[in-house]
Amino acid sequence: MSSPPIIWKKRILVPFWTVRICLMVFLIGIYAWAIALVKQQHDEFNDIEAPAMVAIVIFMLFIVAVLLIDILAIILFLRDALKPMLFLVMSCFQTGFWGGVLIMNLVAIGQGTSAVGLGLILVVFLSFLGLLIYAGVGYHRQRMQLRRGQYAPAHNPSAHTNLPEYRGPAGFHQPTAYKQPNNAYHPQGASHIV
């Protein structure tokens with residue numbers, strides 16, 4: 001049995017995607033600027049700076065991967081090929097990544113570092129969490145539709161009426177007498193003429 005199509009709402013997806021893509025591009029730009037600034041100040045990295053630079057580059061690659069997943073979701077949406085299960089898996093990966101970043105930030109704040117980027121990370125995480133909830137709702141709707149099955153309307157012979165064919169305005173043809181079936185409800189206590 002083929003799965004019924006899921007109607008994704010553009011008024012929900014487009015604002016989330018717009019905010020997320022702008023935030024990802026901003027974060028990629030900030031980290032690229034930080035790497036360029038560190039390279040400019042130090043021509044040769046010493047042993048202490050090299051692992052930190054590797055961590056920044058890996059983090060930036062994860063941000064690029066999250067951005068590419070959003071672009072893939074947009075392309076699939078435009079082609080009407082965005083399946084609920086795939087969208088849920090992509091959203092789980094993205095939200096899991098930003099949830100991990102938020103947890104690492106909270107741990108770092110607990111150890112005494114500055115809480116400068118916590119607000120931005122929290123906004124990014126909430127944007128991904130919101131779309132994860134929407135993807136979960138879409139997946140749940142699809143599963144409920146699959147459980148219902150496919151129903152065809154039942155044949156009802158009394159539903160067909162013998163109304164005359166329309167032949168234009170009333171002044172151009174003879175009026176046709178409609179057949180009125182005598183199926184009106186008559187109360188039991190009242191007398192009626194048949």
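Modeller: Gladly. Keep in mind that this is a predicted model. Start with α1, which has 32 residues. From its first C-alpha to its last, α1 reaches 46 Å.

Biologist: What span is expected for α1 at 1.5 Å a residue?

Modeller: The expected value is 46 Å, and the reach of α1 is close to that.

Biologist: How do you know that the span of α3 agrees with its number of residues?

Modeller: α3 has 27 residues. At 1.5 Å a residue, α3 should therefore span 39 Å. Its end C-alpha atoms are 38 Å apart, so the two values agree.

Biologist: Why is Ser91 called buried?

Modeller: The cut-off for buried is under 20% relative accessible area. Ser91 has 2% relative accessibility, so Ser91 counts as buried. Ser91 lies in α3, residues 84-110.

Biologist: What does Ser91 touch, leaving out residues up to four places away in sequence?

Modeller: Ser91 touches Leu131, Leu132 and Ala135.

Biologist: What makes Thr95 buried?

Modeller: Thr95 has 6% relative accessibility, so Thr95 counts as buried. Thr95 is also found in α3. Beyond four places in sequence, Thr95 touches Phe125, Phe128, Leu129 and Leu132.

Biologist: How far is the C-alpha atom of Thr95 from that of Leu131?

Modeller: The two C-alpha atoms are separated by 8.8 Å. Along the chain, Thr95 and Leu131 are 36 residues apart.

Biologist: Which other residues of α3 are buried?

Modeller: Among them are Phe87, Leu88, Phe97, Trp98 and Leu102. In α1, the buried residues include Leu13, Trp17, Arg20 and Ile35. Over the chain, buried residues make up 24% of the 194 residues.

Biologist: Why is Asp80 called exposed?

Modeller: Exposed means over 50%. Asp80 has 71% relative accessibility, so Asp80 counts as exposed. Asp80 lies in the loop between α2 and α3.

Biologist: How do α1 and α4 pack?

Modeller: α1 covers residues 10-41 and α4 covers residues 118-148. The angle between the two is about 145°, and their axes are 10 Å apart. α1 passes α4 in a left-handed crossing.

Biologist: Which residues meet there?

Modeller: From α1, they include Phe16, Trp17, Arg20 and Leu27. From α4, they include Val123, Ser127, Gly130 and Tyr134.

Biologist: How does this contact of α1 with α4 divide into nonpolar, polar and charged?

Modeller: There are 14 nonpolar residues, two polar and one charged. Arg counts as charged, and Arg20 is one of the α1 residues in the contact.

Biologist: How much of the chain's contact count comes from residues 24 or more positions apart?

Modeller: Such residues account for 76% of the contacts with a separation of 6 or more.

Biologist: And what is the accessible surface of the chain?

Modeller: It comes to about 14,300 Å². Carbon and sulfur atoms hold 66% of that surface.

Conventions
Residues numbered from 1 in each chain as written. Predicted model: local features only at pLDDT ≥ 70, side-chain atom pairs only at ≥ 80, totals over all residues. Heavy atoms only, no water. Axes fitted to C-alpha atoms, helices over the stretch in contact; angles between N-to-C directions. Helix = DSSP H or I, 4+ residues; strand = E, 2+ residues; numbered from the N terminus. Left-handed = near helix turned anticlockwise from the far one by under 90°. Contact = heavy atoms within 4.5 Å. Buried < 20%, exposed > 50% of the residue type's maximum accessible area, 1.4 Å probe, protein only. Areas by Shrake-Rupley, 256 points an atom, 1.4 Å probe, with all protein chains shown as cover. Expected span 1.5 Å × (residues − 1).
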